[in-house]
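Subject: Handover of a structure for your review

Dear colleague,

Please find below the sequence and structure that I am passing on to you. My findings follow directly after them.

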Amino acid sequence: MRETFSTTTHAVWDVAPVVRAPRPSWRVLDVVPYRPTTSLQAMAHWPAGAPRPWKLDWNEATIEPSPRVREALADWLARGGLNLYADPQAATLRQRIARRHDVHPEQVLVTNGSDAALELIARTYMDPEVEAVVPVPTYTHMLVFIRAQGGRVVEVTGEDPFRAEPGAVLRALTPATRLVYLVSPNNPTGAIWSEDDVARVARALPRGVVVVDEAYAEFAGTSALRLVDSLPNVVITRTFSKALGLASLRVGYAVGHPELIAYLRRLHNPKSVNAMGQVAAMAALDDIAYVERYVAQVHEAQALVARFFARHGIRCTTTPANWVLIHVADPEGLCRAFERVGVFVRDRSNIPALSGTVRMTVGTPAQMEDVLARIEGFLPAHA
Ligand SMILES: *Cc1c(COP(=O)(O)O)cnc(C)c1O
């Protein structure tokens, strides 16, 4: 090797010109990696004196979490414990989450972000040869986890990507179906899977699991979580990364039947949920009023943003979550123009059902007023 491995973007042949790494498992060869397209790099090079850039490309909270989170973390750091593993059961947090949802602690598994819960579900339930039915467009990271098990993804395209279509999912079920992955509200369309929709699918798949990814449930104010009381094949995933504002600390969880959760625990790495994440998540739940205020502000701001685009003759779809979709003729040009004034959004137009669509995370009304003032000047050029 000519140099030590680094995280910069050398082509593989720069680093290892002669020797080849051993081929991985066939399961990995077929996987198309999840592309974490983020504006962090561009933002890191943002000129110091310029107005602060807005990171509106990944649906993170646009404000810091409750001040109580910082206090709890500072207290924890002052007491010490960086040298020790965190509680492998995340017992205190698990109990707190169980209380939040009125379930037994044995029905909750705390994970390293909800991505880790999704991956664990895929590893626990998928096999080569079996199928996972997934309405698309969807959050594609789960597709990587499913394919990594050698499982087959059956993509379901309904008539209207902006509506949940349980009928289309039911028609796609076969004896080989082991898992159904629903996202509610769906990223990126905002479609909601009602409790009835989810129950219909779950009843039709008694020997498979129905995963409901509720990463944005706090924004939507709806959830299929009550179904875990009666349907042992429904598992809900939640996260502290979005409305609760803790994306950097990686805490999520799964809620389901105690036996299903026990199966998940077999492959779960009990060291994977870090101590500061557990402390911060507890503190965030202790100030849920802070989260509710933020959620209300985001909805208020969505209305403001929609009115703004309507005024400029641009179609804008609001969602029950924390983003809007803008539909334009030149999405790429629009994104580049936004970036020049420090507004980083996500071009979703490569998704077949969403050509011409740009996704913009929405923050508070005051934040969005600043965003809209910056982009107003050059809007007509790309509409
Ligand atoms: C952001 C997101 C996640 C991942 O969240 P983490 O808990 O941070 O891993 C999962 N599902 C959907 C739909 C998301 O948008």
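**Findings**

Asn59 is a buried residue, because its relative accessible area is 0%, and a residue counts as buried under 20%. Please note that the model is a predicted one. Asn59 sits in the loop that runs between strand E1 (54-55) and helix H4 (67-79). Its backbone deserves mention: phi is positive, at about 60°, although Asn59 is not a glycine.

The loop between E1 and H4 also holds Thr62. With a relative accessibility of 14%, Thr62 counts as buried. Its side chain forms a polar contact with the side chain of Gln367, at 2.6 Å. Neighbours within four places in sequence aside, Thr62 is in contact with Leu56, Tyr294, Thr361, Val362, Gly363, Thr364 and Gln367.

A positive phi is also found at Ala90, which is not a glycine; the value is near 45°. Ala90 belongs to the loop between H4 and helix H5 (91-101). Ala90 counts as buried, since its relative accessibility is 3%.

**Cis peptide bonds**

Val136 and Pro137 are joined by a cis peptide bond, with omega at about 0°. Pro137 is placed in the loop between strand E3 (131-135) and helix H7 (141-147). Another cis peptide bond links Ser184 to Pro185, and here omega is about -5°. Pro185 falls in the loop between strand E5 (177-183) and helix H9 (195-203).

**Thr239**

Thr239 is part of strand E7, which covers residues 234-239. Is Thr239 buried or exposed? Thr239 counts as buried, because its relative accessibility is 3%. The side chain of Thr239 reaches the backbone nitrogen of Ser241 at a distance of 2.9 Å. When residues up to four places away in sequence are not counted, Thr239 touches Ser114, Ala215, Glu218, Leu244, Val251 and Gly252.

**The protein as a whole**

The secondary structure comprises 15 helices and 13 strands. The protein has 383 residues, for which a compact globule would have a radius of gyration near 21 Å; the value for the protein is 22 Å, which agrees. Along the principal axes, the C-alpha atoms fill a box of roughly 55 × 55 × 55 Å.

How much of the protein is made up of buried residues? Buried residues account for 53% of the 383 residues.

As for contacts between residues at least 6 apart in sequence, 71% of them join residues at least 24 apart. On the charges, the protein carries 40 positive and 39 negative ones, and their mean positions lie 3 Å apart.

Yours sincerely,

A colleague

Note on methods: Residues numbered from 1 in each chain as written. Predicted model: local features only at pLDDT ≥ 70, side-chain atom pairs only at ≥ 80, totals over all residues. Heavy atoms only, no water. Helix = DSSP H or I, 4+ residues; strand = E, 2+ residues; numbered from the N terminus. Rg over C-alpha atoms; globule rule 2.2 N^0.38 Å. Buried < 20%, exposed > 50% of the residue type's maximum accessible area, 1.4 Å probe, protein only. Contact = heavy atoms within 4.5 Å. Lys, Arg positive; Asp, Glu negative; His and termini not counted. Charge placed at Lys NZ, Arg CZ, Asp CG, Glu CD. Polar contact = N/O pair within 3.5 Å; in protein donor to acceptor, adjacent residues only side chain to side chain.
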